[in-house]
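Hi everyone, thanks for coming.

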Amino acid sequence: MSQNQQTRLILRAYQLLEEVTPLTTDCGELCGHRCCHGEDHDGMWLLPGEEQFFLGQPGFSVQPCQDNAGYPLVVCDGHCDRRLRPFACRIFPLFPMVRLSPLGGIMVQAQMDPRAQLSCPLREREQLRMLFRRRVQRAGEILVSDPQLRAYLLETTEFLEEVAALREKMLGQ
Ligand code: SF4
Ligand code: SF4
């Protein structure tokens with residue numbers, strides 16, 4: 001798949017999650033907008049090919065990342081034009097988990113991101129608006145049609161499963 005097609009898929013995923021938020025009200029009021037107030041080194045993991053939207057963009061800095069399957073992350077200054085926010089901000093606290101089915105097909109499921117347990121008061125998938133859950137799921141289904149994005153989502157799902165297992169072992173939750 002060409003880079004143009006990959007870009008188109010990311011933009012379609014962006015569009016699906018342009019206006020739909022986790023709750024019908026501003027969930028940032030529950031937590032003091034914690035998502036947007038990280039430390040200088042905190043950043044949002046970027047999809048393969050997503051850095052093109054942030055390179056040279058005021059208020060954003062693309063940086064190398066030791067995790068994220070080798071892809072970079074983007075750090076923001078805590079304010080953004082919502083239309084420009086990265087995929088990671090649009091889907092949090094969910095993640096489109098991608099797994100291989102026993103028959104070799106691809107399964108996409110919007111699930112709670114275990115990293116959200118550290119910071120987000122929305123702990124249960126069912127607390128989130130159905131439309132938001134469906135859109136995150138649909139965005140994942142769109143992205144997996146690109147081989148590089150599919151490989152990234154498979155690897156990141158595996159990583160997040162390890163995070164969840166480790167947390168369960170350490171905290172019993
Ligand atoms: S941390 Fe959770 S509740 Fe707070 S703004 Fe982010 S998604 Fe909303
Ligand atoms: S890019 Fe926007 S939505 Fe994402 S963390 Fe920064 S200010 Fe918040």
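The side chains of R99 and E161 meet in a salt bridge, with N and O 2.6 Å apart. By salt bridge I mean a side-chain nitrogen of Lys or Arg within 4 Å of a carboxyl oxygen of Asp or Glu. R99 lies in strand β4 and E161 in helix α5, so this pair ties together parts that are 62 residues apart in sequence. In case you're wondering about those labels, helices (H or I, at least four residues) and strands (E, at least two) are DSSP runs, numbered from the N terminus.

How exposed are the two partners? R99 counts as partly exposed at 23% relative accessibility, and E161 is partly exposed too, at 34%. Buried means under 20% relative accessible area, exposed means over 50%, and partly exposed is in between, using a 1.4 Å probe and protein chains only.

Quick note before I go on: this is a predicted model, where local features need pLDDT of at least 70 and side-chain atom pairs count only at pLDDT 80 or more, while totals for chains, interfaces and linings use all residues. Residues are numbered from 1 along each chain as its sequence is written, chains are lettered from A and ligands numbered from 1 in the order in which they are written, and side-chain values use heavy atoms, with hydrogens and water left out.

Back to the charges. Side chains of opposite charge can pair when their charged atoms come close. How many salt bridges does a search of the whole structure find? The count is five. One of them joins E18 to R90, with the closest N and O atoms 3.6 Å apart. That pair links distant parts of the chain: E18 sits in the loop between α1 (3-16) and α2 (28-31), while R90 is in helix α3 (residues 87-91), 72 residues apart. Are E18 and R90 buried or exposed? Both are buried.

Another salt bridge is formed by D81 and R83, and there the closest N and O atoms are 2.7 Å apart. D81 is partly exposed at 33% relative accessibility, and R83 is exposed, with a relative accessible area of 58%.

β4 covers residues 94-100 and is mostly covered, with five of its seven residues buried. What does β4 pair with? Seven bridges join β4 to strand β5 (residues 106-112), and the two run antiparallel. For pairing, DSSP has to find at least two bridges between the two strands. L100 stands opposite I106 in β5. Together β4 and β5 form a hairpin with five residues between them, and in the turn G104 has a positive phi of about 95 degrees. I106 itself is partly exposed, at 34% relative accessibility.

There's also an open sheet of three strands, in the order β1-β3-β2, with antiparallel pairing. Its edge strands are β1 (44-45) and β2 (60-63), each pairing on one side only. β2 and β3 (residues 73-76) pair in the antiparallel sense over four bridges, and Q63 stands opposite L73 in β3.

Next, the ligands. Which residues are around ligand 1? They are C27, G28, C31, C35, F92, P93, C120, P121 and L122, where being near takes a heavy atom within 4 Å. By class, that shell has eight nonpolar, one polar and no charged residues. In this scheme Ala, Val, Leu, Ile, Met, Phe, Trp, Tyr, Cys and Pro count as nonpolar, Asp, Glu, Lys and Arg as charged, and the others, Gly among them, as polar.

Around ligand 2 you'll find C35, C36, M44, F60, C76, G78, H79, C80, R85, P86 and C89. This shell has eight nonpolar, two polar and one charged residues.

Last stop: helix α5, residues 147-171, where M170 is found. M170 is exposed, with a relative accessible area of 65%. L166, M170 and L171 make a nonpolar surface patch of about 350 Å². Patches are made of residues with over 30% relative accessible area and no salt bridge, joining like charges within 9 Å and nonpolar side chains (Val, Leu, Ile, Met, Phe, Trp, Tyr) within 5 Å. The accessible areas come from the Shrake-Rupley method with a 1.4 Å probe, and for residues only the protein chains shown count as cover. M170 and I91 are 79 residues apart in sequence and 26 Å apart in space, C-alpha to C-alpha.
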